[in-house]
Amino acid sequence: MSCEGCYEHNLVLQTTIEMARRARRQCMVVWLDLTDAFGSMPHHHIFATLQEFGMPENFLCVIREVYEGGSTTIRSVEGETAEIPIWSGVKQGCPLSPIIFNLTMEPLLRAISNGTDGFNLHGERVSIPAYADELVLTADDPENLQRMLDATSRAADWMGLRFNAKKCATLHIDGSKRDSMQTTGFRIQGEPVIPLAEGQVY
């Protein structure tokens, strides 16, 4: 039975958190927000990723024609600026843009999901539900989560993307403790991520 992807991800996260509390296990969740995700995807990464995935050359030529050589100008009371080249971002309003964005995010998702970290939910490993430009990582151990964040940081640096640590948050539940909410510190691309306390929402 098919369902809306965000509902499915939310149900998996809710089940993960509830299982950790009931089974007196640890569960860590981190929500990651990419800074200007759709506007900052480097064009050279788009082309390289599509080529790596084996897209036909005629399709790549069409994508290059759409993206290469783009520029903009700014008009002010003093006049118009010289042309400013556009080297990143997917085209707004183009029906291909969500597909291109999702495909070019795939190396980042694979860098995280190829490891053995994550949260064991009924025998299945849950590691990275993705909501387009926002990612969620889950783990059952603080060291595992930080290792996943480090892998995410390396992949994002390689792709030319940045996470906005001020818009990211972590949730650490230790079901074996009376006060199950823990304020463990985690980092993404060298920046601290805000730990959620009891009663706070993301």
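First, the ground rules. Residues are numbered from 1 along each chain as its sequence is written, and side-chain values use heavy atoms, with hydrogens and water left out. Because the model is predicted, local features need pLDDT of at least 70 and side-chain atom pairs count only at pLDDT 80 or more, while totals for chains, interfaces and linings use all residues.

Start with helix H6, residues 142-159. Helices (H or I, at least four residues) and strands (E, at least two) are DSSP runs, numbered from the N terminus. How far apart are the end C-alpha atoms of H6? They are 26 Å apart.

Now the ends. Asp141 caps the N-terminal end: a side-chain oxygen lies 3.0 Å from the backbone nitrogen of Glu143. After H6 comes Gly160, with a positive phi near 85°.

Buried means under 20% relative accessible area, exposed over 50%, partly exposed in between (1.4 Å probe, protein chains only).

Next, Gln189. Find this residue in the loop between S12 and strand S13 (191-195). Is Gln189 buried or exposed? Buried, because its relative accessible area is 11%. The side chain of Gln189 reaches the backbone oxygen of Leu161 at 3.1 Å. It also reaches the backbone nitrogen of Phe163 at 2.8 Å.

Last, the pockets. On a 1 Å grid over the protein atoms alone, a pocket is an open set of points with protein on both sides within 12 Å along at least five of seven lines; lining residues have an atom within 4 Å of a point. A volume is the space filled by probe spheres set on the points.

The largest pocket holds about 390 Å³. Its lining has 22 residues, with Ile17, Trp31, Leu171, Leu196 and Tyr202 nearest the centre. Which helix gives the most to this lining? H1 does, with six residues.

The second largest pocket has about 160 Å³. H3, H5 and H6 each supply at least two lining residues there. H3 gives the most, with five. From the list of lining residues, look for His44, Glu106 and Trp158, among others.

Methods: The expected span of a helix is 1.5 Å times one less than its number of residues. A polar contact is a pair of N or O atoms within 3.5 Å; within protein, one must be able to donate a hydrogen and the other to accept it, and residues adjacent in sequence count only if both atoms are side-chain atoms. On a 1 Å grid over the protein atoms alone, a cavity is a set of points where a 1.4 Å probe fits but cannot get out, and a pocket is an open set with protein on both sides within 12 Å along at least five of seven lines; lining residues have an atom within 4 Å of a point.
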